[in-house]
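Please open the model in a viewer and keep the selection tool at hand.

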Amino acid sequence: MWDAIWTGGRLATMAGAAPYGAVEDGAIAVEGGRIAWVGPAAELPGRPDDLARERHDLGGRWVTPGLVDCHTHLVYGGDRAREFELRLEGASYEEIARAGGGIVSTVAATRTAEETTLFASARRRLSALLAEGVTTVEIKSGYGLDLETELKQLRVARRLGEALPVTVRTTFLGAHAAPPEYAGRADDYVEAVAAMMPEIADSGLADAVDAFCETIAFSLEQTAQVFEAAVENGLPVKLHADQLSDLGGAALAARFAALSADHLEYTNEDGIAAMAAAGTVAVLLPGAFYFLRETKVPPVDGLRAAGVPIALATDSNPGSAPLTSLLTVLNMACTLFRMTPEEALAGVTKNGARALGLAASHGTLEAGKAADFAIWEIERPAELAYRIGFNPLSGVVKAGRRL
């Protein structure tokens, strides 16, 4: 017998040819924390009560895969509300960064924060995401910019995955910015980050390596040096690419077979073609686009035409996206980037999982995958993107267990 079976639901499996992979009057069976069977209830191999030790009635509710937030910076100290004021007074993101604000100001707060303090503040932010059906999240470091603090951030991220019912994937973002002690010596700092890579890999605290390739951060050549060190140490890469200018970051990410290239507002056709050939996922971050009042929309049409998978994420961070609502991101993606509600939901399920290297185990309701799913009080899946400030979550199942 299966451990449990859920019947009476309408399933947005996000797999198959039908819109949303929809199955009316569907059933999901769970065994050992994984989906053992999913499909129309009429095709079950027997009476539900005879097939599982527990039976749950979904009461006609919609079920989606557990949501995936594949790009966040949840662990940090302090806040940057003052910079929000400065931008409204006319200062640009780049001007603030060059004046010692931005990432560097958060670095100072994070370096001095106790690990317990970082854990407590990040837990509150992560709990807000879980309350909207998120079951998998990526958490980056990048606010230490020295080995000790970067490892501290990664330890906190791992602890969050142990303390809360969520799958956490961690990313080492040492190449986020040059710290104050390396002012004017970006090349030296890149060498220092590359030298950190063996210890980062040996610690087991990082699942991937990221970098910020931009005019206010690191060049293509410097980013390539970081990526070469990552690959040498067996770590996959991803990239903050082409957010503020077209440096060719998307093509560089593709060259290293990156899991994802993120932001992409200024990505050109060559970059899109390279991503398509490499299987690199495009992660769009409408929260940062909105918060920074950007006007250059990512090339969604080009990504679609090339068949590049498009994921969405909160980019939750203290400076450019102080956002802890993935449902709001769905609406932003539709209204700001003209994505469809189905594309948006795919962006936080199957494509979000793919951006984390988890396509084989997460992101769709299919047999063999993790039994992570969200239950919604809605009439149709488009409601998840249609409403703002509305949370219709009815329940969450994580690894087969109803929370």
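**The pocket**

Select the 23 residues that line the largest pocket; A97, V104, A177, A178 and I216 lie nearest its centre. A pocket here is an open set of points on a 1 Å grid over the protein atoms alone, with protein on both sides within 12 Å along at least five of seven lines, and lining residues have an atom within 4 Å of a point. This is a predicted model, in which local features need pLDDT of at least 70 and side-chain atom pairs count only at pLDDT 80 or more, while totals for chains, interfaces and linings use all residues. Residues are numbered from 1 along each chain as its sequence is written, and side-chain values use heavy atoms, without hydrogens and water.

Next, colour helix 3 (93–98) and helix 4 (103–112), each of which supplies at least two lining residues. Helix 3 gives the largest share, 3 residues. Helices are DSSP runs of H or I with at least four residues, strands are E runs of at least two, and both are numbered from the N terminus.

**Helix 7**

Move to residues 186–203, which form helix 7. At M197 this helix bends by about 35°, the angle between axes fitted to the seven residues ending there and the seven starting there. P198 follows within four residues. Just after the helix, select G204, where phi is positive at about 70°.

**Around F172**

Finally, display F172 and its contacts (heavy atoms within 4.5 Å). Beyond neighbours within four places in sequence, these include V193, M196, M197 and I200.

Note on methods:
The expected span of a helix is 1.5 Å times one less than its number of residues. On a 1 Å grid over the protein atoms alone, a cavity is a set of points where a 1.4 Å probe fits but cannot get out, and a pocket is an open set with protein on both sides within 12 Å along at least five of seven lines; lining residues have an atom within 4 Å of a point.
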